[in-house]
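Reader: I am new to this structure and would like to go through it by question and answer. Please show it to me before we start.

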Amino acid sequence: MVNPFEKSGKWFKANFHVHTTTSDGKLSACEVVKKYRSAGYNVLAITDHRKTNDVSGMSNKKMLVISGMEYHPSCPGKPVPYHIVGLNIPHGFEFDEPDNVLRCVRQIKKIGGESILAHPYWSGQAYEDFKKLLNKIIAVEVYNATCNRHGRPCSENEWVYCLDRGRSLPCIGNDDAHFVPGDDVFGCWTWLKMRSLTVKNVINAIKTGCCYVSCGPTIKDFRLKNGEVHIRCSPVSTIYFTGDPGRGFRKCATGKKLAASFSIEIPPWNYVRAVVVDVNGRRAWTNPIFLK
């Protein structure tokens, strides 16, 4: 993993999870692309359930549209199957064993794609349910805005269980928009640090953690410097530094003065990451910096 705040390049706003009329969404793929382009997004993956879309001609210089699919192999012993987002999947692709999760992930990788575990908290899946996937997927969805209509949008705990066990797995955040009443459209996004807007760069940024997730706040810098952990962000009510179980620090707003920076001495932890919370309760998450 790399630290995006130490890398050269530009920030690109991305959503990797959205549905259209090809499955259970209410808008066509062209309409969805238009919505996200108007909202200032630079990357959009169209990921209908078990189906792909022909996205040729939908990209332009300011926005890259990626062909994807959300697929659902069975999760043994659980009532809800896996929800896995596949990226860079050729239009018309089909699985030969759609219920076999390991076979599906391998097939996606074989054709040049990659897979992301979607909303494990919403799915009721614990670490033991998905640990066998962790060497095969490239990220975990830490927040899913549409899952908020069921009160289960945040899978931060499930992601952190991976980090606590030494798995250097990045997080991303998405809308999962269907454009139906109750969806939280434009409710969560991923900022990617890249040199240019290509599919290869997008996947590499996710895979290496060269990104951060936000539901609103902006993280301007996060790094180790002069023996300390530093963060700068948009004004928020609380900044957290957290790491190993039972370890963490926070800085809170004092009176009307919001917090926009925080520094601590580099702690004797395995990793450190930051979470910021604005006055409306909206969060942003960095990927971890590993210290050992």
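Predicted model: local features only at pLDDT ≥ 70, side-chain atom pairs only at ≥ 80, totals over all residues.

Reader: Which residues line the largest cavity, and how many of the lining residues are nonpolar, polar and charged?
Author: The largest cavity has a volume of about 50 Å³. Its lining includes Val2, Asn3, Pro4 and Phe5, and also Gly209, Cys211, Phe222, Thr286, Asn287, Pro288 and Ile289. By class, the lining comes to 7 nonpolar, 4 polar and no charged residues.

Reader: Where is isoleucine 289 found, and is isoleucine 289 buried or exposed?
Author: Isoleucine 289 is one of the residues lining the largest cavity, and it is found in strand β17 (residues 289–290). Beyond its neighbours within four places in sequence, isoleucine 289 is in contact with Asn3, Phe222, Arg223, Leu224, Asn270, Tyr271 and Val272. Its relative accessibility is 12%, and the limit for buried is under 20%. Isoleucine 289 therefore counts as buried.

Reader: How far apart in space are isoleucine 289 and alanine 259?
Author: Along the sequence, isoleucine 289 and alanine 259 are 30 residues apart. In space, taken from C-alpha to C-alpha, the separation is 22 Å.

Reader: What arrangement do the rings of tyrosine 127 and phenylalanine 130 have?
Author: The structure has a count of 15 aromatic pairs. In the pair of tyrosine 127 and phenylalanine 130, the ring centres are 6.0 Å apart and the planes are at 75 degrees. Planes over 60 degrees apart count as edge-to-face, so this pair is edge-to-face.

Reader: Where do tyrosine 127 and phenylalanine 130 lie, and are they buried or exposed?
Author: Both lie in helix α4 (residues 127–130), 3 residues apart, which is about one turn of the helix. The relative accessible area is 8% for tyrosine 127 and 0% for phenylalanine 130. Since buried means under 20%, both residues are buried.

Reader: Which parts does the pair of tyrosine 143 and tryptophan 285 tie together, and what is the arrangement of the rings?
Author: Tyrosine 143 lies in strand β6 (residues 139–144) and tryptophan 285 in strand β16 (residues 283–286), so the pair ties together parts that are 142 residues apart in sequence. Tyrosine 143 counts as buried at 15% relative accessibility, and tryptophan 285 counts as buried at 0%. The ring centres are 5.6 Å apart and the planes are at 35 degrees, so the pair is tilted.

Reader: Over which rings do lysine 13 and the charged end of arginine 165 sit?
Author: Lysine 13 lies 4.2 Å from the centre of a ring, over the face of tryptophan 189. The charged end of arginine 165 is 4.4 Å from the centre of the ring over which it sits, that of tyrosine 127.

Reader: Why might the phi of histidine 119 and that of asparagine 226 be worth a look?
Author: Most residues other than glycine have a negative phi. Histidine 119, in the loop between β5 (114–117) and α3 (120–123), has a positive phi near 25 degrees. Asparagine 226, in the loop between β10 and β11, is not a glycine either, and its phi is positive at about 55 degrees.

Reader: Which of these is buried and which is exposed, histidine 119 or asparagine 226?
Author: Histidine 119 has a relative accessible area of 2%, so it falls under the 20% limit and is buried. Asparagine 226 has 74%, which is over 50%, so the exposed residue is asparagine 226.

Reader: What does glycine 227 contact beyond its neighbours within four places in sequence?
Author: Glycine 227 is in the loop between β10 (219–225) and β11 (228–236), and it is partly exposed at 39% relative accessible area. Its contacts are Ile264, Glu265 and Ile266.

Methods
Residues numbered from 1 in each chain as written. Heavy atoms only, no water. 1 Å grid on protein atoms, 1.4 Å probe; cavity = no way out; pocket = protein on both sides within 12 Å on 5 of 7 lines; lining within 4 Å. Points joined across faces, edges and corners; volume = space filled by probe spheres on them. Nonpolar A, V, L, I, M, F, W, Y, C, P; charged D, E, K, R; others polar. Phe/Tyr/Trp six-rings, centres within 6.5 Å; stacked < 30°, edge-to-face > 60°. Helix = DSSP H or I, 4+ residues; strand = E, 2+ residues; numbered from the N terminus. Buried < 20%, exposed > 50% of the residue type's maximum accessible area, 1.4 Å probe, protein only. Lys NZ or Arg CZ within 6 Å of the ring centre and 35° of its normal. Contact = heavy atoms within 4.5 Å.
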